[in-house]
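Student: Could you take me through one part of this model closely, the sheet strands and how they pair up? I would like to see how the pieces connect.

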Amino acid sequence: MRLRALVLATLLIFPLACGGMHAGASPTATIARVLDGDTVVLTDGRHVRLVQLDAPETDEDECYAAEAKGVLIRLLPFGTEVEIETDPALDKRDRFGRILAYVARNGTNVNLELVREGAASPYFFHGDRGRYALDLLTAANEASRHQRGLWGACSDTALDPLHSVQARS
């Protein structure tokens, strides 16, 4: 009976001791640097890959890659405090060990903002759709229709959320 009471007390107290956080919660972190158009490094050394999108690759010299990185630097400059939110429907880390997450600054979903500005395209790895999938698709269609960002600069780029973006000029 004592063991049962101890287990029950532990289960009730543990969430309070952890600040009431739950899966997918939004702990705060600080931006140390932007690596490319879809990856940041936090001051604690963790790498975060913005989930459900793909930006042109800087190391492959893809069309609009430098500009996409510039947009992310503008949205998340050094020292910016952000919220990191994982999606219960998606993987928590990629094969490189990066955290897969939505990043928010002052309540703004940066993942969604990158797509709105045409700096990134929705990418549903293995077809998995997270909580913002419809918003990302809507934003990408709008950016493409208005030729914003990579959609205007890289004329042969197709909107295909089941594959990584292939930004070609």
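Tutor: Gladly! Two strands pair if DSSP finds at least two bridges between them. Helices (H or I, at least four residues) and strands (E, at least two) are DSSP runs, numbered from the N terminus. A word on the source: this is a predicted model, where local features need pLDDT of at least 70, side-chain atom pairs count only at pLDDT 80 or more, and totals for chains, interfaces and linings use all residues. Residues are numbered from 1 along each chain as its sequence is written, and side-chain values use heavy atoms, with hydrogens and water left out.

For orientation, the chain holds five helices and eight strands, in the order α-β-β-β-β-α-β-β-β-α-β-α-α from the N terminus. Of its 169 residues, 44% are buried; buried means under 20% relative accessible area, exposed over 50%, partly exposed in between (1.4 Å probe, protein chains only).

Let us start with strand 2 (residues 39-42). Strand 2 pairs with strand 3 in the antiparallel sense over three bridges, and Thr39 stands opposite Arg49 in strand 3. These two strands form a hairpin with four residues between them, and Gly45 in the turn has a positive phi of about 95°. Strand 1 (residues 28-36) is joined to strand 2 by four bridges and runs antiparallel to it, with Arg33 opposite Val41. Here too there is a hairpin, with two residues between strand 1 and strand 2.

In a regular strand the side chains alternate between the two faces of the sheet. In strand 2, Thr39 and Val41 point one way while Val40 and Leu42 point the other way, and all are buried.

Val48 is the residue opposite Ile99 in strand 6. Strand 6 (residues 99-105) is largely enclosed by the rest of the structure, because six of its seven residues are buried.

Strand 6 also pairs with strand 5 (residues 81-85), in the antiparallel sense over three bridges; there, Glu85 has Tyr102 as its bridge partner. Strand 6 and strand 7 form a hairpin with two residues between them, where Asn106 in the turn has a positive phi of about 50°.
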